[in-house]
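Please examine the complex shown below.

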Amino acid sequence: MGAISLRNVEKTYAPGTGAAVKVIHGVNAEIVDGEFIVIVGPSGCGKSTLLRMVAGLEEITGGEIAIGGRVVNKLEPSERDIAMVFQNYALYPHMSVFDNMAYGLKIAKLPAEQIRARVDKAAKILELSALLERKPRQLSGGQRQRVAMGRAIVRQPQVFLFDEPLSNLDAKLRAQTRIEIRKLHAELGVTSLFVTHDQVEAMTLAQRMIVMNAGVMEQVGAPEEVYATPASIFVAGFIGSPPMNLLAGRAEGNLFHVGGSVLALPQSAPRDGPLTLGVRPEHLAFAANGLWTLRVDLVEMLGAERLIYGRAGEAALVVRTESTSAAPTAAQLLHLSVEARHLHWFDASSGRRVTP
Amino acid sequence: MVENRPAATVLAHLTLILGVLIIGFPVYLTFVASTQTAEQIVQNVPMSLLPGDNMIESYKLALMGGKTTYGGNLPPAAPMLWVSTVTALVIAVGKIVISLLSAFAVVYFRFPGRSVVFWMIFVTLMLPVEVRILPTYKVVSDLGMLNTYAGLTIPLIASATATFLFRQFFLTVPDELVEAARIDGAGPLRFFKDVLLPLSSTSIAALFVIQFIYGWNQYLWPLLMTTDESMYPVVMGIKRMISGGDAATEWNSVMATAMLAMIPPALVVILMQRWFVKGLVDSEK
């Protein structure tokens, strides 16, 4: 029912004029019913625009969007069978919590007792039952956020759209709400599209994630897959905290020259030209006789683990280690090694991954 | 801000008290005069500053009209108060309704020449009644609206100020609210009625006060276009009670009418003030 198809979707502002700006370049995606999809990317990558096109708040200037098998390009938002949760919640300030949740149903001319039943049920799920008579300004940020979700739930739509709904909450509440959203999704099983710039949110919430950059889909896949095999330099640098170490170097024959040391290239890598090597901070290990010699600049203590920032020749590196061993000190020299299976190779000019 | 400077406090209070006296004394004088008889006012020089015992008679004469002590005939103020009330109400309500709708159109609809329309409305700020009074008179007279409520109110209803104020207010309403309403399936008029109107209530209250007083105090326009005594507003009526030349003026009734003419705007200010202060407190986050 709630499947979404994006077929070569494009968005151009001011089309046909000299000032035309293309912000979405042909996005293709098939989202199956009941899936939780997170669209993640830096600001200005077009992720919100894409969501608003699905919602019907932005015109689709190219391609097609279908919801539940029905092309919705020309339909009003209210006819698309969707519900949206906004970043600032967009609650009607003069209406009570009940009226906020019931407004869409009243417009749809549902019978009063049915409205009452749906709102009560949603309020119960979201623990808002005691707050139904309050005005939005009398609620905390987290409560307002739940009212906004309640307003989406009562519509019983085919698709939920979330536009960075957690970015106005403090860190603790955000983590808590993340879990609540997952539970809610497990309970209701409604297809959800969730936009965020926060890769932690994306990793924790998504069944599949779409990584976007500059209006282009860089990669689509399960969080584990995206983390383990990033499809491009951009994804490698964007997903993961701290991000993957990226080292630019040159391939010559079957050898790769980087940071004053030489590595053997895998079979599938090109034999000549510029390459970028990626290594996750947790895959770098200290060894008695390593590949690189790291000169420690700074050590960050995070509790269970420790981030060590330093330089190996020209290249800046981050290493993540458990904090059980003794902390290295600044200017200390350490040897680093890495297993070949943890190396990621990217074509430096196209930015795409070259090894499987 | 906490300040503890007695001298400054005293000075501030003195200034304020002086201000109150400057405003309050003429009003008090009007009241005192309205409670005396016409002879007392004219014969005692200077006039007594204590209320007299003729209050009921003065106000009765002012309201109902009738024979004065000098034998003149005084028109009743009651119908004039009615004309003023109707005029001020129609002007205030009309201005608010039209401004709300035109601001709504200018802010929320994209139509060809939108900014031209807005600037045309804005430019009319420079054309108050006094500037366009002769052409307006010609139009109203050709339409046969002299000596009618329509003639008294319609030329004064269009308001660039109010349109501009509502436009500024609508621009502060977050776009997400509009979008949420669209997703909820509310059409433009539904959104206007259910969301914008309740949110504008404080601005509407403030504008109602200002526009009611504006309508109530109209003098020049009614003076020009009413010739029938039954269509005189009270502000004009007061002027007409002061007879020039040899005829004696019934000052106590003039003052009583003046007092009566002050009451409705004062009431509107006092009642609405409470209301919009409450609105301001409510909207505080």
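Helices (H or I, at least four residues) and strands (E, at least two) are DSSP runs, numbered from the N terminus.

Chain B as a whole averages a pLDDT of 86, and 93% of its residues score at least 70. The model scores ipTM 0.82 and pTM 0.80. This is a predicted model, in which local features need pLDDT of at least 70 and side-chain atom pairs count only at pLDDT 80 or more, while totals for chains, interfaces and linings use all residues. Residues are numbered from 1 along each chain as its sequence is written, and chains are lettered from A in the order in which they are written.

Chain A contains 20 strands and 8 helices. Its C-alpha trace spans about 75 × 50 × 35 Å along the principal axes. Of the 356 residues in chain A, 39% are buried, that is, have 20 or more other C-beta atoms within 10 Å of their own, with C-beta atoms placed from the backbone.

Contacts are pairs of residues whose C-beta atoms, placed from the backbone, lie within 7 Å. By this criterion, 17 residues of chain A are in contact with 15 residues of chain B. On the side of chain A that touches chain B, β6 (82–85) and α2 (97–107) of chain A each supply at least two residues, and α2(A) gives the largest share, 3 residues.

Conventions: pLDDT is the predictor's confidence in each residue, from 0 to 100. A residue is buried if 20 or more other C-beta atoms lie within 10 Å of its own, exposed if 12 or fewer, and partly exposed in between; C-beta atoms are placed from the backbone. Two residues are in contact if their C-beta atoms, placed from the backbone, lie within 7 Å.
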